[in-house]
Structure formats: C-alpha cells, structure tokens
Amino acid sequence: MRTTPGDYRSWLRAHPFIGDLILAVVLTAGSSALILLTSPEMLARWQDVPHLDLRPSDAFNVLLSALCTLPVALRRPWPFVLLVLTGIPQWVLDALSYNSGFSEIAGLVLLYTVAAYRGLALSLAGLAICAAQYGISVAIGAGPLSWTDHLVVAVVIMLCWVSGRSVRLRRAYMAELVHRADRLERAREADTRAARAEERSRIARELHDVVAHHVSVMTVQASAARKMLDSNPDVARDALTAIEEMGRTAMAEMRNIVGVLRTDGPAERGPQPGMSDLPTLVEQMREAGLRTQLWIEGEHRGLPPGVDLAAYRLVQEALTNSLRHAGPAARAWVTVRQEQNELTVHVEDDGRGAAAELGRATGTGHGLVGIRERVALYGGVLRIGPRNGGGFEVRARFPLKDRP
C-alpha cells in the first residue's frame, strides 16, 4: 500500500510523544555538533564581532547543552516545570562562558508549549520566567550585548508566546465549532424523532377515524342484511352493495393515508376529505340506519386545510358513535356554522339507547381522545357529554386565523 506524507503527519498527531522525541534528538544532535565542530574564532566571524571570550568546548559543555535540549521530549506533559528547570543548566553555560549551542532554542520551544497548552495565567507566568532567565543570563554572561540585541531577543520571545496563544485560541475555537455542530446534530435528530412521532400519531388518528367509521357502518349494514336476507332479499342485496362500496372507500382512504410511509416508490396521494364532503357522509349514515339531518349556516368560504380535515373527522367520529351507541331508533343532527373568525360544529343525537349512552359518557375511547387532540391542535374549544333532554352531543369551536 502506498504511503503519503499525510499518513505520516496523521500518525505523528496520533503519537505526539514520538514527534517530541524526534525534535529533542534533532536539537540535541545539532547542538552537540555545533559545540564540537565550531571554535570561538569561527563563531566570532559568523557574528561579525572581533572576538568572543568563550571557553573551549568539552564533554561537560555538551552535557549541559543536552540537559537543555533533551527535556523537549517531555514538553507536552510538563512544559512549565521543564521551562523552569532548564534555566539552571543554561545559567551554568553562561556563567562558565561555554558555547550554548541550541539550548536557547529549546527554551523558546518550551515557552511556546506553555502558551499553546496551558491557561492564560500559567502562560503569562512562563513568559515572565523566560524573560527573567534571559535577564539572569545577560547578568552573569561574559560578553556585553547592545540594545538592538536585547530588542531582537525580546521580539523573538514575544513571537513565540503569541504564536502559542494563537494556536491555543484557534484550537479552542475549532473545538467549540465541533461541539456546536454536535449539539446541532443532536437537536436535529431530536426534532426529526419528534416529527416522526407526531406524524405516526397523526397517521394513527387518521387510520382510527377511517377504520372506526367505515367498519361501524359496515357492521350495521351487515346486521341489517342478515335480518332481511330471508324476508326481503332486495333490501339485503342493497345492504351488501353498500358494504362493498364502503369497504372500497375505506381501502382508498387508508391507501392515501399510509401511502406516505412507502419507500419503494412515489406515494399514491389523494385529497383528504373536508367539510364539503359532509353531505356524502350524512347520506352514508342515513343508509346505515341513522336518521341524520345536516344544517350549514353562516359564510361559505374556504377553510384552512388542517381545520377542514379536523372538523370533518370530528363529525365523522361523532356520527359513528351515535350509530353504534344511540340505539336503533335514534336521530342525529349536525349543525355547522361558519363565521368570520370562528367555525362551530355541533353534533347531537337523542340517544334512545340508555345503557349505551352511559358507556359513552365515560369518554375513554380512542375516538374521543383523537377528537380532543385535533381540536386542541388548532386552538379550539371542545365539549363532549350528555345532551339536555337526553342523548349525547359533541360541540367544538375552531378559531379561524389563517383563511385561504
């Protein structure tokens, strides 16, 4: 497998001690070579000065220089401590007038590390210690320095400290960006889960309303067909035809609702029912045996789609409950009044089936819970309970804020 320079950099970032050890070895080797291979006269020519009062190089000189450069290998765990400790061999080098090699560079590396990996207070302390070490080295050193030399050293020290602080601030900024991105991703996932849960709840309500209504009507029609099968086959045939049509309608509505969950192709979508379909709904209830009357009052303007569907499902659920519980001789009335800022839907029956009415009054069915959720979703007011004079009623008021 081919290895690229980026692979080496990634490996060194994953193993920082190896990189620091290599840096320490390079500094130590270069410093030792500089000390052993250069004479004071050669250094004087490089620095363009007449003479340098330096002691000849020996093994002790190399050892002191190595004590300044080798600690760079441990610069990440203890940068501040090493910055303080390496000042001691550096002072000895200056006091004995030895060639210091690259020991000053090692001190600058440790200062940069303190600024890049420690807090502001400790990095300022490291800057002060580095400046103090330089001042002590100048005081005990042999050769005098000009003010330009001091200025250059001060600029270099400040550049190392500022570079370290910049790296630390950039690292903190990138970490905050990553943390913020993680938070946004978690928030997006939570919003997605909430939206999915809400959509599943909406689909469950729609399926309940569709299945409960159509199955209730089909059950009543089947019961009538069974009773009239021998005595009046024509009536039984009409009831079976109504059951067939009701089943097809139920399948079509459920296909439209559940179609959005399909992932293998485009969903088969159709318009959701609304208040304009109330006459058809009332006619179905009449065919099922519930004598139903419908009044539509007030304005005849378009409704917001959500309110339109919620009001229709409310009437559907209320009439379905009347068909199932109100008794064979019950009558139902549906009143819809649309005003400028409000839609009122009132469904009531005379509830001749007293025992069933007591069961409905508990209001624990999923249909009634679904009605409450729909009305509450659009800021409406709902009343479900016994009707004055006997029977049962469902009354809801929807505020109309956004008119199409």
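Modeller: Helix H2 (16-37), H6 and H7 are among the elements that cover the buried residues of H4; contact here means heavy atoms within 4.5 Å. Helices (H or I, at least four residues) and strands (E, at least two) are DSSP runs, numbered from the N terminus. This is a predicted model, in which local features need pLDDT of at least 70 and side-chain atom pairs count only at pLDDT 80 or more, while totals for chains, interfaces and linings use all residues. Residues are numbered from 1 along each chain as its sequence is written, and side-chain values use heavy atoms, with hydrogens and water left out.

The buried residues of H4 are Asn61, Val62, Leu64, Ser65, Ala66, Cys68 and Thr69; buried means under 20% relative accessible area, exposed over 50% and partly exposed in between, with a 1.4 Å probe and protein chains only. Aspartate 58 caps the N-terminal end of H4, with a side-chain oxygen 3.3 Å from the backbone nitrogen of phenylalanine 60.

Rings of Phe, Tyr and Trp (its six-membered ring) pair if their centres lie within 6.5 Å; planes under 30 degrees apart count as stacked, over 60 as edge-to-face and the rest as tilted. The count by this rule is one aromatic pair. The ring centres of phenylalanine 60 and tyrosine 98 are 6.3 Å apart and the planes stand at 65°, so this pair is edge-to-face. Phenylalanine 60 belongs to helix H4 (residues 59-69), and tyrosine 98 to the loop between helix H6 (87-95) and helix H7 (103-117), so the pair ties together parts 38 residues apart in sequence. Phenylalanine 60 is partly exposed because its relative accessibility is 40%, whereas tyrosine 98, at 7%, is buried.

Strand S3 (residues 342-349) and strand S5 (residues 392-399) pair in the antiparallel sense over eight bridges. In S5, arginine 395 is the bridge partner of histidine 346, and alanine 396 is that of valine 345. S4 and S5 also run antiparallel, joined by six bridges, and isoleucine 384 stands opposite valine 394 in S5. The two strands S4 and S5 form a hairpin with five residues between them, and glycine 389 in the turn has a positive phi of about 90°.

Aspartate 350 lies in the loop between S3 and helix H13 (354-360). With a relative accessibility of 8%, aspartate 350 counts as buried. Among the residues that aspartate 350 touches, not counting those up to four places away in sequence, are Trp333, Arg387 and Gly391.

Confidence comes last. The mean pLDDT (the predictor's confidence in each residue, from 0 to 100) of the protein chain is 81, and 82% of its residues reach 70 or more. Residues 263-268 stay under 50, and the model has four contacts for them beyond four places in sequence. Over residues 353-364 the pLDDT is below 50 as well, and this stretch has 19 contacts in the model beyond near neighbours in sequence.

Notes: Two strands pair if DSSP finds at least two bridges between them. A polar contact is a pair of N or O atoms within 3.5 Å; within protein, one must be able to donate a hydrogen and the other to accept it, and residues adjacent in sequence count only if both atoms are side-chain atoms.
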